[in-house]
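Me: I have a model open and would like to go through it with you. Could we start with single side chains and then move on to the packing?

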Amino acid sequence: MVCTRYRPKDLKLARRHIAKAAHRIADQERVIRTLSLKGAPAGPAYALLDRLYDYQRRKLARLKLIEAMLNESMALPEVRQACDPPGKTSMHLHLVSPASANSGNPDCLP
């Protein structure tokens with residue numbers, strides 16, 4: 001399986017796809033209702049509706065996957081910050097030349 005790195009942009013796009021799928025389902029249900037009121041056969045319309053439901057189900061599964069991956073990636077930096085690798089300090093050290101250290105106030109380093 002290919003390792004994919006998701007971004008918040010992908011989550012936003014997945015939500016839009018689900019909204020579009022919901023609109024398509026609503027439109028198809030409206031068509032089926034109209035056909036049933038007219039007494040026309042609605043077999044192909046129901047087949048399309050089934051495919052739309054499957055499409056929406058797949059998109060929802062993908063959205064859940066993206067949300068889980070993003071939540072996991074947000075939690076990982078906290079864990080990484082909690083335990084620093086050995087031999088490294090978490091403080092930033094500044095190199096100071098002897099000339100600049102002795103000039104001016106010795107208590108005030110750059």
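Me: Is Gln28 buried or exposed?

Reply: This is a predicted model, and in it Gln28 has a relative accessibility of 10%, so Gln28 counts as buried. The residue is placed in helix α1.

Me: What does Gln28 touch, leaving out residues up to four places away in sequence?

Reply: Gln28 touches Ala45, Leu48, Leu49 and Leu52. With Ala45 there is also a polar pairing, as a polar atom of the Gln28 side chain lies 3.1 Å from the backbone oxygen of Ala45.

Me: And Gln56, buried or exposed?

Reply: Gln56, which is found in helix α2, has 18% relative accessibility and therefore counts as buried, the cut-off being under 20%. Not counting residues up to four places away in sequence, Gln56 touches Ile18, Ala21, Ala22 and Ile25.

Me: Which residues of α1 are buried?

Reply: In α1 the buried residues are Asp10, Leu11, Ala14, Ile18, Ala21, Ile25, Gln28 and Ile32.

Me: How does the span of α1 compare with what its 31 residues should give?

Reply: At 1.5 Å a residue, α1 should span 45 Å, and its end C-alpha atoms are 46 Å apart, which agrees. Just after α1, Gly39 takes a positive phi of about 85°.

Me: Switching to charges, how many salt bridges are there?

Reply: The count comes to three. One of them joins the side chains of Glu67 and Arg15, at 3.4 Å from N to O. Because Glu67 lies in helix α2 and Arg15 in helix α1, this pair ties together parts that are 52 residues apart in sequence. Glu67 is partly exposed, with a relative accessible area of 28%, and Arg15 is also partly exposed, at 46%.

Me: Where are Arg57 and Asp54, and how many residues apart?

Reply: Both lie in helix α2, three residues apart, which is about one turn of the helix. Arg57 counts as exposed at 52% relative accessibility, whereas Asp54 is partly exposed at 35%.

Note on methods. Residues numbered from 1 in each chain as written. Predicted model: local features only at pLDDT ≥ 70, side-chain atom pairs only at ≥ 80, totals over all residues. Heavy atoms only, no water. Helix = DSSP H or I, 4+ residues; strand = E, 2+ residues; numbered from the N terminus. Expected span 1.5 Å × (residues − 1). Buried < 20%, exposed > 50% of the residue type's maximum accessible area, 1.4 Å probe, protein only. Contact = heavy atoms within 4.5 Å. Polar contact = N/O pair within 3.5 Å; in protein donor to acceptor, adjacent residues only side chain to side chain. Salt bridge = Lys/Arg side-chain N within 4 Å of Asp/Glu carboxyl O.
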